[in-house]
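Reader: I would like to go through this model term by term and ask, for each label, what value stands behind it. Could you set each value against its cut-off before you conclude?

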Amino acid sequence: MSVTDLKTIAVELQSLGVRTLGGPSGVEGRRGGAGPSDAGFLWLDGAPLTVPVHAEYAERSPYELHLADSGRAGTLFRAGEEIGRVNLHPRPRIYDLETADGTPYWKIALMHLDSLASTVFQRCVYWGTHEQCHFCAIGTSLKEGRTVPVKTPAMLAEVAEAAARLDGAKDVTLTTGTPNRADRGAAYMARCAEAIRESSGLPVQVQIEPPDDFGWFQTLRESGVESLGLHMESFDPVVLARIAPGKAAQGVPYYLSAWEAAVEVFGPGQVSTYLIIGLGEDPRSITEGVRAAIDRGVYPFVVPLRPSPGSILAHETPPDPVYVREVYEMVAPLLAEANMLSQNARAGCVRCQACSALSTFERAFGGGRNGAAPATAA
Ligand code: SF4
């Protein structure tokens, strides 16, 4: 599979999804919640990818994955034409474990390929109000009994230690609903990160909204947090006000100041923002947002909209792959020029890269991931 092919295929897979056939239990992945919900995890020519597998639009995708009996690999077809082999991630061993009080580890944290990920606080001050983010589905996992409301530092420490030992976890990604309008969860996230570092030694990324006091960034750093996500999902002011009213109320200037303060503490390339494309934005706002981020040392983690079940945007479809590709073609050289390629990120979504095909575009500049599915777990 050539790199050019890989780029097209990766972008198309994330926008169009894939139908799966055969295998013992389908593709390892997850339904609903925050992060790569409703997606399967796979490795394509060394690139990690989360790909929609359950969504309705995936039924119409030209891509089909024929799974081997082992469920560990498959053959990918596009419109009936064989493309090549795909490796699947094994079922994590930690999914068979539980805490002493009987809480299954998978209710505490999930393996996103080789990143252990957890939503620490499963409620959000915006959820169910006019301020709710339209792309978010944080309330659904709790309602469906797939998680617990709050993960304690001790729970996370226990699962992280096991994930590093049994499943080859390389880092921990901690996100959260916004629990209050003051520190936005920073103090509690710091305690969780510290416990994880002590038990597992894994680097931790924390994703929060900008807190009222930027001094929290230093506290997080001292607790062992290595990377920080401060996500402003759109740079189009009209779109941001519509799809993330709570965030829009904090204001773009406040986000920019927070980015600058955070980069002072964590260093260039260790602070990141999600930038979701396909929300109806003016395409010029993407260039503007990407430049605003990179100029401040913030990595723009550009992802196509993936409509999550349970979110307000659940019935939308991801953007046209041609549009997504144009954006990645624009962003990758800017990242290279700023010496901010993804492989320098120590933890979090930028290190993982699976929810964006951007890393396959970074390859032309010596960046991106080129790994393989680990051989852990049977
Ligand atoms: S990029 Fe982030 S949300 Fe996506 S699979 Fe990786 S850790 Fe999870």
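Author: In this predicted model, Asn 339 is found in the loop between helix H10 (321-337) and helix H11 (349-352), and its phi is positive, about 55°, although the residue is not a glycine.

Reader: What makes Leu 113 buried?

Author: The cut-off for buried is 20 or more other C-beta atoms within 10 Å. Leu 113 has 26 C-beta neighbours inside 10 Å, so it counts as buried. Leu 113 lies in the loop between strand E8 (110-112) and strand E9 (115-119), and Leu 113 too is a residue other than glycine with a positive phi of about 55°.

Reader: Why is Gly 71 called partly exposed?

Author: The label partly exposed applies in between the two cut-offs, which are 12 or fewer for exposed and 20 or more for buried. Gly 71 has 17 other C-beta atoms within 10 Å, and therefore it is partly exposed. Its place is in the loop between strand E5 (63-67) and strand E6 (73-78). Gly 71 and Asn 87 are 16 residues apart in sequence, while their C-alpha atoms are 9.1 Å apart in space.

Reader: What share of the chain is buried?

Author: Of the 378 residues in the chain, 53% are buried.

Reader: How do you know that the radius of gyration agrees with that of a compact globule?

Author: For 378 residues, a compact globule would have a radius of gyration near 21 Å, and the chain has 19 Å, so the two values agree. Along the principal axes, the C-alpha atoms fill a box of roughly 55 × 55 × 40 Å. Among contacts with a separation of 6 or more, 75% come from residues 24 or more positions apart. The secondary structure of this chain comes to 12 helices and 14 strands.

Reader: What makes helix H3 and helix H4 a pair, and which handedness does their crossing have?

Author: The axes of H3 (residues 153-167) and H4 (residues 186-200) come within 8 Å and cross at roughly 35°, and the crossing is right-handed. The residues that make the contact include Leu 156, Ala 160 and Ala 164 of H3, together with Cys 192, Ala 195 and Ile 196 of H4. By class, the residues of this contact divide into 9 nonpolar, 2 polar and 4 charged.

Reader: Which domains does the assignment give, and how many residues of each are in contact with the other?

Author: The domain assignment gives domain 1 (3-88) and domain 2 (93-365), with 23 Å between their centres, taken over C-alpha atoms. In domain 1, 26 residues are in contact with 34 residues of domain 2, where contact requires C-beta atoms within 7 Å.

Reader: Which elements give two or more residues to the side of domain 1 that touches domain 2, and which gives the most?

Author: The elements that give two or more residues are helix H1 (3-16), strand E3 (39-44) and strand E4 (47-52), and H1 gives the most, with 9 residues. By class, that side of domain 1 has 14 nonpolar, 7 polar and 5 charged residues.

Technical notes: Residues are numbered from 1 along each chain as its sequence is written. This is a predicted model: local features need pLDDT of at least 70, side-chain atom pairs count only at pLDDT 80 or more; totals for chains, interfaces and linings use all residues. Axes are lines fitted to C-alpha atoms, for helices over the stretch in contact, and angles run from 0 to 180 degrees between N-to-C directions. Helices (H or I, at least four residues) and strands (E, at least two) are DSSP runs, numbered from the N terminus. A crossing is left-handed if the near helix is turned anticlockwise from the far one by less than a right angle, and right-handed if clockwise. Two residues are in contact if their C-beta atoms, placed from the backbone, lie within 7 Å. Ala, Val, Leu, Ile, Met, Phe, Trp, Tyr, Cys and Pro count as nonpolar, Asp, Glu, Lys and Arg as charged, and the others, Gly among them, as polar. Domain bounds come from an automatic or database domain assignment. The radius of gyration is taken over C-alpha atoms; the globule rule is 2.2 Å times the number of residues to the power 0.38.
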